[in-house]
Amino acid sequence: MFMENQSDLRARTLMEALPYIRRFAGQTIVVKYGGHAMVDEELKESFALNLILLRTVGIYPVVVHGGGPQIGNLLKRLDIESEFVDGMRVTSPEVMDVVKMVLIGEVNTSIVAMLNQHGGNAVGLSGHSAGLVQAEKLKLTKRVKDGQPPEIVDLGLVGKPMTVNPQVLQTLEHGKFIPVIAPVGQGPDGESLNINADLVASALASGLRAQKLVLLTDTPGVMGDKQNLISEMTKVQARELMDKQTVTGGMIPKLNCCLDALDHGVASAHIIDGRAKNALLLELFTDQGVGTILKG
Ligand SMILES: Nc1ncnc2c1ncn2[C@@H]1O[C@H](COP(=O)(O)OP(=O)(O)O)[C@@H](O)[C@H]1O
Ligand SMILES: CC(=O)N[C@@H](CCC(=O)OP(=O)(O)O)C(=O)O
């Protein structure tokens, strides 16, 4: 009987990626990078190498990063209070200064540095860069007191993306660069607005007509009632899971971002585990994937 040796096995594994490379070459994939994958150095390196591999085989990754925990740490060190309403950080002008320092100054630079250390040709941007993410203040309506009508809650300098100008990203793609974007948007008067990174990733995926939106987080994917991983779901199932409250907390805005991207022509949205090495490659280059896929 024919026995496969180590090098045959390795060659077969490499060849298995070929159909996926063919399918996605020339396509844009927007990746939201956050959570554990961003603080653990080994995972950070694995993520950087995954992106570089994608770019090398002709796929265009666009990275949007978070940094909520890092912002929280600096606010604490500076003794500045910060609170969240429905997953959004109430952002005073003082907090906005810290958000920019951390997201643009620290987190963005460190991701760009990691990618470029491995020859990634990464370029750091924010929503201000060439009008990339134009935003408006987010008006959140919430029932503050039981039995009373909902009120508009003032979140300060928190934005939602209104228009994106993908031209700068398309130029970078043609130059074989990897764009890395901090989720700070430009308000109508040129001011900086703090935007949830999932929202920015979703808006850019829609604006770029990306093939995929991939959100890395700190769970294996979307979990069902029995803590089972749901590998695949339709838009209808996603809405049912939210209605039944199987999905709660931070996963609600994530699923809504996925649904929004699908409604705007993105072919599929993925929620995957940022704590697992090579999660991005395994999700893209295998049929079964490793997380949850939502299809349009
Ligand atoms: N059904 C669910 N499946 C997976 N995660 C869920 C579910 N319901 C609620 N969650 C919560 O959503 C969290 C992910 O959202 P969030 O903390 O905002 O992620 P991130 O910081 O990566 O943006 C998970 O850690 C989990 O606690
Ligand atoms: C308005 C708002 O809440 N903005 C977020 C921006 C960073 C972010 O989204 O980071 P994660 O993806 O790591 O949560 C914040 O200030 O934390």
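Reader: To start, which residues of α4 and α5 meet?

Author: In this predicted model, Gln70, Ile71, Leu74 and Leu75 of α4 are in contact with Val95, Val98, Val99, Met101, Val102, Glu106 and Val107 of α5. By class, this contact is made up of 9 nonpolar residues, 1 polar and 1 charged.

Reader: And at what angle do the two helices pack?

Author: Helix α4, residues 68–77, and helix α5, residues 93–117, pack at about 125 degrees, and their axes are 9 Å apart. That angle makes α4 oblique to α5.

Reader: Is the crossing of α4 and α5 left-handed or right-handed?

Author: The crossing of these two helices, α4 and α5, is right-handed.

Reader: Let me turn to ligand 2. How many residues surround it?

Author: There are 14 residues around ligand 2, and the closest are Gly34, Gly66, Gly68, Arg89 and Ala197.

Reader: Which elements each supply at least two residues of that shell?

Author: Helix α4 does, and so does strand β4, residues 88–89.

Reader: What classes of residue are in the shell around ligand 2?

Author: The shell has 7 nonpolar residues, 6 polar and 1 charged.

Reader: Back to helices. How do α8 and α9 cross?

Author: Helix α8 covers residues 235–243 and helix α9 covers residues 251–263; their axes cross at roughly 155 degrees and come within 11 Å.

Reader: Why are α8 and α9 called roughly antiparallel?

Author: The crossing angle is roughly 155 degrees, and angles over 145 count as roughly antiparallel. The two helices α8 and α9 are therefore placed in that class. Their crossing is left-handed.

Reader: Which residues meet there, between α8 and α9?

Author: On the α8 side they are Lys235, Ala238 and Met242, and on the α9 side Ile252, Leu255, Leu259 and Leu262. This contact has 6 nonpolar residues, no polar ones and 1 charged.

Reader: Now some single residues. Where is Pro220?

Author: Pro220 is in the loop between β13, residues 212–217, and β14, residues 232–233.

Reader: Is Pro220 buried or exposed?

Author: Pro220 counts as buried, because it has 20 C-beta neighbours inside 10 Å.

Reader: What does Pro220 contact, apart from its neighbours within four places in sequence?

Author: Pro220 is in contact with Leu229, Asp273 and Gly291.

Reader: Which element holds Phe24?

Author: Phe24 lies in helix α2, residues 18–24. With 19 C-beta neighbours inside 10 Å, Phe24 is classed as partly exposed, because the cut-off for buried is 20 or more.

Reader: Which residues does Phe24 contact, beyond its neighbours within four places in sequence?

Author: They are Ile59, Gln211 and Leu284. As for Gly58, it is 34 residues from Phe24 along the chain, and their C-alpha atoms are separated by 8.1 Å.

Reader: One last topic, the backbone. What is the phi of Asp79?

Author: Asp79 is not a glycine, yet its phi is positive, at about 65 degrees. Asp79 lies in the loop between α4 and β3, residues 84–85. Asp79 is exposed, with 6 other C-beta atoms within 10 Å.

Reader: And what about the phi of Arg209?

Author: Arg209, also not a glycine, has a positive phi of about 50 degrees. Arg209 is in the loop between α7, residues 197–207, and β13. Arg209 counts as partly exposed, because it has 13 C-beta neighbours inside 10 Å.

Terms used:
Residues are numbered from 1 along each chain as its sequence is written. Chains are lettered from A and ligands numbered from 1 in the order in which they are written. This is a predicted model: local features need pLDDT of at least 70, side-chain atom pairs count only at pLDDT 80 or more; totals for chains, interfaces and linings use all residues. Axes are lines fitted to C-alpha atoms, for helices over the stretch in contact, and angles run from 0 to 180 degrees between N-to-C directions. Helices (H or I, at least four residues) and strands (E, at least two) are DSSP runs, numbered from the N terminus. Angles under 35 degrees count as roughly parallel, over 145 as roughly antiparallel, 65 to 115 as roughly perpendicular and the rest as oblique. A crossing is left-handed if the near helix is turned anticlockwise from the far one by less than a right angle, and right-handed if clockwise. Two residues are in contact if their C-beta atoms, placed from the backbone, lie within 7 Å. Ala, Val, Leu, Ile, Met, Phe, Trp, Tyr, Cys and Pro count as nonpolar, Asp, Glu, Lys and Arg as charged, and the others, Gly among them, as polar. A residue is near a molecule or strand if its C-beta atom, placed from the backbone, lies within 6 Å of it. A residue is buried if 20 or more other C-beta atoms lie within 10 Å of its own, exposed if 12 or fewer, and partly exposed in between; C-beta atoms are placed from the backbone.
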